[in-house]
Amino acid sequence: MNETPTDASDALSRLDTSVAHSARLWNYLLGGKDNFAADREAGEQFLAFMPELVQSARYNREFLGRVVRHLAGDVGIGQFLDVGTGLPTADNTHEVAQRTRPDARIVYVDNDPMVLVHARALLTSTPEGATAYIDADIRDPEKILAAAQETLDFTKPVAIMLLGIVNFVVDDDAATSIVRTLVKAVPSGSHLVISHPTVEVHREAVERALAMWNESGSAPMCVRTPQQIAEYFDGLEILEPGLATVSQWRPDGNDTTPVTEWCGVARKP
Ligand SMILES: C[S@@+](CC[C@H](N)C(=O)[O-])C[C@H]1O[C@@H](n2cnc3c(N)ncnc32)[C@H](O)[C@@H]1O
């Protein structure tokens, strides 16, 4: 069931380059080249009144690096389910994890055909570890879990990584149900990692960008309050410093200017 780059021709037929897509816009904000005119236009429109968006994307990736290093290194987690992977960039989850734990096993999940086309760059595992890519929608967590079982051992701790993705499930109950379904499938010692946009900083600009995005025909997204994001961790043990803007989650010398993306990391007891 795991998709491989041989599925790329099918993915290309699904590719709609006429409207901006989040993976490609994110790639543009991170300085990547895997984007189209519609993505670049949307990016420039947002950056005209919200230049901080670049920092938000970059600090979110830096958070990914710090949290994966912590989980693989300090906690000893050897398995990662990274849903809403995004286009490959520098320091993807498997590269960070396998630098610490060469035997780490990583399953990537995204529904953007462009990410599938570039999945080869995500499948460069160490020989001791494993990487796999699943072309699936987060709204179908059962499909994701069934396919992920081919690579991950669900009797051992798994880090569920939901970075910048729950915001694409705009229905609050559906979003909660998806997070609960994923967490229920993993054993004690597993961790849940979420980053999610808020309006805690640059409120007006974020609300304007959100309205523009949702009127553009792109897959709709939402922002949530830190309190709403905290509720995804109900029943779990949230790690210090609790819920924080991504730049302030265990910063290691980086800029700690608050950005719109907030995050939390928690352990399943
Ligand atoms: C903002 S990017 C975040 C990328 C990466 N996780 C990061 O933090 O840098 C959001 C990603 O979620 C993916 N995505 C959006 N909606 C999705 C859905 N319903 N199912 C699966 N993936 C989705 C997009 O294709 C994109 O790659």
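Predicted model: local features only at pLDDT ≥ 70, side-chain atom pairs only at ≥ 80, totals over all residues.
Where does aspartate 91 lie?

**View 1. Aspartate 91, in the loop between β1 and α5.** Aspartate 91 has a positive phi of about 55° although it is not a glycine. For context, most residues other than glycine have a negative phi. With 14 C-beta neighbours inside 10 Å, aspartate 91 counts as partly exposed.

**View 2. Helix α5, residues 93-100, mostly covered.** Six of the eight residues in this helix are buried. They are Thr93, His94, Glu95, Val96, Ala97 and Gln98. As for what covers them, the buried residues of α5 pack against α4 and against the strands β1 (79-83), β2 (105-110), β3 (130-135) and β4 (159-163).

**View 3. α4 meeting α5 in a right-handed crossing.** The two axes come within 9 Å and cross at roughly 35°. On the α4 side, the contact is made by Leu64, Gly65, Val68, Arg69, Ala72 and Gly73.

**View 4. The shell around the ligand, made of 21 residues.** The closest are Ala23, Gly84, Gly86, Asp112 and Leu163. Two elements give two or more residues each to this shell, namely α2 (22-29) and α4 (53-75). By type, the shell residues divide into nine nonpolar, seven polar and five charged.

**View 5. Helix α2, largely enclosed by the rest of the structure.** Why is α2 described as largely enclosed? Because eight of its eight residues are buried. From one end to the other these are Ser22, Ala23, Arg24, Leu25, Trp26, Asn27, Tyr28 and Leu29. They pack against α3 (37-49), α4, β2 and α6 (113-117). Ala23, one of the buried residues here, is also listed with the closest residues to the ligand. Just after the helix, glycine 31 takes a positive phi of about 85°.

**View 6. Histidine 202, in the loop between β5 (191-197) and α9 (203-215).** Here's another residue other than glycine with a positive phi, this time near 55°. Is histidine 202 buried or exposed? It counts as buried, because it has 20 C-beta neighbours inside 10 Å, and 20 or more is what the label calls for.

**View 7. A cis peptide bond from glutamate 240 to proline 241.** Omega for this bond is near 5°. In general, most peptide bonds are trans. Proline 241 has its place in the loop between β6 (237-238) and β7.

**View 8. Alanine 244, in strand β7, residues 244-245.** Which residues is alanine 244 in contact with, leaving aside its neighbours within four places in sequence? They are Trp249, Trp262 and Cys263. Cysteine 263 is 19 residues away from alanine 244 in sequence, yet their C-alpha atoms are 5.5 Å apart in space. Alanine 244 has 19 C-beta neighbours inside 10 Å, so it counts as partly exposed.

Note on methods
Residues numbered from 1 in each chain as written. Near = placed C-beta within 6 Å. Helix = DSSP H or I, 4+ residues; strand = E, 2+ residues; numbered from the N terminus. Nonpolar A, V, L, I, M, F, W, Y, C, P; charged D, E, K, R; others polar. Buried ≥ 20, exposed ≤ 12 C-beta atoms within 10 Å, placed from the backbone. Contact = placed C-beta atoms within 7 Å. Axes fitted to C-alpha atoms, helices over the stretch in contact; angles between N-to-C directions. Left-handed = near helix turned anticlockwise from the far one by under 90°.
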